[in-house]
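Thanks for making the time this morning. I would like to walk you through one model, so please look at the sequence and the structure together.

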Amino acid sequence: MPVVFTVFFRMSDFVPSLGHFGIGDGTKFNAPYIGAIKESIVNVIMGYYNGVGARFATTTKAANSIGIEVEIGGIMGQFGSFPGGSSVQESGAGFAIRSNIFAWREESFGVLLAPGDHFRAKVGPSSILFRNQDQKSDDSKVLNEVFGPLGVARDSGIDPPNDPKATKPRTVTSGRVEGQVTDLDATNTSVSVSAAGVIKVTTTNPSVVPAQRASDIQRALNAFTNSVGYIAAHELGHCLGLVAKADPKKTSVTIPGKGATLSPLSGDDEGHNLPPHANNFMDPGETIRLRTIFTPGQRLAFRDSNRKYLLDCFPERP
Ligand SMILES: [Zn+2]
């Protein structure tokens, strides 16, 4: 049977998070472009699992989640400053996923079915602003290039005292529109989302939304959804057991009457691919640059051993 993922948008956290990036004022569930944003994120996640035995559902109610859930929320706390995290929770505090799939119990797949015994994957988009800490870094530069025109302060971050700062309001100066994206922008543009999750924003009324403003909004929406989609897909990779381990101390499985055996799947013995890193899907997050994942349609390649593991363990047509 294919594995089922549910992408759960926790709107009470997600909407304020959108506000930190200048998309709406952070208070309304019906934020500007919200439908396109959610559709794009889901399409980006699904794009990483083309050809794999995975099926997707999406919900804004946690109780509706089936299979393995990834929550798209606001700010990551539990996992430190990274924008995403995964853990297995078996009574009490969760622990980071480190063992491979053969070490997991059947109940582990039942999100919300057995309290205290489930996978948790979570993405906090606002934690991307942590990359603004070093303002000389390219991550910080691209954050400002892309979200500055939407009113995000140059020094907005998630580390005190630079907690996400209020975005500048929408202003019109000599025909140039800047600042927070509002309903005025949404109602004077058309928006579409491609199967690959790329968002297109076109003005339908250039006197209210000049072409440049539509282009600024389009670039920011794509940077947001392409990066959040990648981070969510990466966390789900952990939930499926990536990266597969080869260390016998971690992967030895005892089969009654047959003795101990090892996973036949090669892999590295950490949570992520070992160096050298080359923008691969399961490389450690801190080696991935924002400029890469902000690019519309940009997909990080699977390392061969990761791809083989997925196709062997989760074939498209089991
Ligand atoms: Zn990871």
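Let me begin just after helix H5, where Gly241 takes a positive phi of about 105 degrees; helices (H or I, at least four residues) and strands (E, at least two) are DSSP runs, numbered from the N terminus. Residues are numbered from 1 along each chain as its sequence is written. This is a predicted model, in which local features need pLDDT of at least 70 and side-chain atom pairs count only at pLDDT 80 or more, while totals for chains, interfaces and linings use all residues.

H5 itself is mostly covered, with 25 of its 29 residues buried, where buried means that 20 or more other C-beta atoms, placed from the backbone, lie within 10 Å of a residue's own.

Leaving aside neighbours within four places in sequence, Ala232 is in contact (C-beta atoms, placed from the backbone, within 7 Å) with residues including Val7, Val70 and Ile72.

That leads us to strand S3 (residues 68-72), which is largely enclosed by the rest of the structure because five of its five residues are buried. Ile68, Val70 and Ile72 point one way from S3, whereas Glu69 and Glu71 point the other way. In S3, Val70 is the bridge partner of Val7.

Technical notes
Contact = placed C-beta atoms within 7 Å. Buried ≥ 20, exposed ≤ 12 C-beta atoms within 10 Å, placed from the backbone. Pairing = 2+ DSSP bridges.
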